[in-house]
Amino acid sequence: MDSGFGSVIVVHSLPKVPSAKFEKLTTVLKKIFGQIGVIHENGLHMPTDADGSTKGFAFIEFGNAQEAAAAR
């Protein structure tokens with residue numbers, strides 16, 4: 001937490017979906033983790049491959065470290 005990343009969590013083991021289903025997965029993640037705390041504006045990032053498929057993990061930034069700890 002000293003690095004300034006105390007409000008960010010990494011969610012792994014997500015399904016690897018094609019670009020056509022990216023928005024659906026984003027919506028589901030925001031719905032689930034939004035129940036725990038406030039997700040920072042533009043605080044959900046899912047890396048993708050060259051073909052646009054997700055890589056199976058995401059970074060979520062919450063409003064504060066306490067919400068991130070609760071999500072962990």
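Entry 1: How exposed is Phe59, going by its relative accessible area? I looked it up and got 32%. Buried would need under 20% and exposed over 50%, so Phe59 is put down as partly exposed. A reminder to myself: this is a predicted model, so I'm reading computed values throughout.

**Entry 2: its partner.** I searched the whole structure for aromatic pairs and got one. Phe59 is in it, together with Phe57. A pair of aromatic rings is described by two things, the distance of the centres and the angle of the planes, so I wrote down both. For Phe57 and Phe59 the centres are 5.7 Å apart and the planes are at 90 degrees. Why is this pair called edge-to-face? Planes over 60 degrees apart get that name, and the angle here is 90 degrees. I checked Phe57 for accessibility too: its value is 27%, so Phe57 also counts as partly exposed.

**Entry 3: the sheet.** Next I went for the strands. In what order do they lie in the sheet? I noted E1-E3-E2, an open sheet of three strands with antiparallel pairing. The edges are E1 (8–12) and E2 (39–45), and each of these pairs on one side only. From one strand to the next, the twist averages 20 degrees.

Then I zoomed in on E2 and E3. Strand E3 covers residues 57–62, and its antiparallel pairing with E2 runs over three bridges. Looking across from Ile39, I found Phe62 of E3 standing opposite.

**Entry 4: the helix.** Where does helix H1 go? H1, residues 22–34, lies across E1, E2 and E3. Against E2, H1 runs at about 135 degrees.

Ser13 turned up with a positive phi of about 65 degrees, and it isn't a glycine. I found Ser13 in the loop between E1 and H1. Is Ser13 buried or exposed? Its relative accessibility is 68%, over the 50% cut-off, so I wrote "exposed".

Asn42 went on my list as well: its phi is near 60 degrees, positive in a residue other than glycine. This one sits in a strand, namely E2. Asn42 comes out at 73% relative accessibility, so I filed Asn42 under exposed.

How values were computed:
Residues are numbered from 1 along each chain as its sequence is written. This is a predicted model: local features need pLDDT of at least 70, side-chain atom pairs count only at pLDDT 80 or more; totals for chains, interfaces and linings use all residues. Side-chain values use heavy atoms; hydrogens and water are left out. Two strands pair if DSSP finds at least two bridges between them. Helices (H or I, at least four residues) and strands (E, at least two) are DSSP runs, numbered from the N terminus. Axes are lines fitted to C-alpha atoms, for helices over the stretch in contact, and angles run from 0 to 180 degrees between N-to-C directions. Contact means heavy atoms within 4.5 Å. Rings of Phe, Tyr and Trp (its six-membered ring) pair if their centres lie within 6.5 Å; planes under 30 degrees apart count as stacked, over 60 as edge-to-face and the rest as tilted. Buried means under 20% relative accessible area, exposed over 50%, partly exposed in between (1.4 Å probe, protein chains only).
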